[in-house]
Amino acid sequence: MNESSWSDVFSPLFRANSSGIPKYRLVMNALIQGITAGYWKAGDKLPTEDELLQLTPFSLGTVQRALRILVEQGVVVRQHGLGTFVASQKLEVQNPWHCRFIADDGVSFLPVYSTILSRDEVMVEGERAHYFEVSGGPLSLIERIININDEFNVFTRFYIQKHMFPVLSEMPLEDLSGLNFKRQISNEMNVPITKVDHAIKMLSFDDEVARHVGVQPASVGMCLSVAAYMGVDKCIYHQKFFIPPTDRTLSIPSQPGDKT
């Protein structure tokens with residue numbers, strides 16, 4: 001992108017903002033819109049922090065926060081000593097089962113891309129004890145950003161018994177992006193999932209969830225809770241999807257069947 005064209009992307013940031021959108025989110029939106037419009041393509045270097053300070057009316061802290069979140073979401077990558085670059089092609093999840101939003105044709109589903117944020121070990125306690133047995137040992141918690149057709153992001157927390165699924169619990173994090181977890185589980189266990197429970201409720205998003213899905217803290221969105229079982233009551237995984245307000249229709253399958 002020619003530096004003389006940067007103002008095309010950032011000039012709207014100098015207008016009065018009555019939307020209530022946080023300043024760091026405005027910077028993020030400008031960069032994402034510039035990438036979507038083709039001003040920057042995969043591998044292109046973005047303006048430096050100092051250049052963004054000149055191009056926007058915001059502070060260094062605001063600029064740094066915007067870039068940090070874009071890195072977390074996999075939109076950009078930072079290379080030490082070189083700068084910030086547009087990430088390579090996103091990894092599309094093939095045949096998603098839980099996070100399916102109906103496309104404009106009313107039949108097909110929007111493409112879904114996933115980026116791994118973190119993987120931690122957590123104990124079976126609190127809400128998690130409703131799904132997993134304490135005697136089964138610790139769980140792996142995998143947090144992801146699921147991008148829906150570049151329209152909005154869904155934040156997910158995925159819980160699974162650590163000792164039962166070593167691949168998901170131990171493979172390099174970069175290899176988890178774009179991976180269909182349900183298919184991987186089926187491959188590891190060679191056991192069918194016999195029951196899937198879905199529960200939906202509306203709730204106010206806390207600061208962390210709001211940041212990941214791009215809304216203001218305390219904004220009301222949807223939480224989809226999914227628990228998959230083997231046999232009668234053996235929970236295989238529990239997953240929570242935090243979905244921001246959207247006009248898109250979410251399709252929820254009624255039977256495990258042979259979908260992946």
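Reader: What makes up the lining of the second largest pocket, by class?

Author: Eight nonpolar, four polar and one charged residues line the second largest pocket. Ala, Val, Leu, Ile, Met, Phe, Trp, Tyr, Cys and Pro count as nonpolar, Asp, Glu, Lys and Arg as charged, and the others, Gly among them, as polar. This is a predicted model, in which local features need pLDDT of at least 70, side-chain atom pairs count only at pLDDT 80 or more, and totals for chains, interfaces and linings use all residues. Residues are numbered from 1 along each chain as its sequence is written, and side-chain values use heavy atoms, with hydrogens and water left out.

Reader: Which helix gives the largest share of that lining?

Author: Helix H2 (residues 23–36) gives five residues to the lining of the second largest pocket; a helix here is a DSSP run of H or I with at least four residues, and a strand a run of E with at least two, numbered from the N terminus.

Reader: Why is His238 called buried?

Author: Buried means under 20% relative accessible area, exposed over 50%, partly exposed in between (1.4 Å probe, protein chains only). His238 has a relative accessible area of 1%, so His238 is buried. His238 lies in strand S9.

Reader: What makes the pairing of His238 and Ser225 a polar contact?

Author: A polar contact is a pair of N or O atoms within 3.5 Å; within protein, one must be able to donate a hydrogen and the other to accept it, and residues adjacent in sequence count only if both atoms are side-chain atoms. The side chains of His238 and Ser225 are joined at 2.8 Å, as a polar contact.
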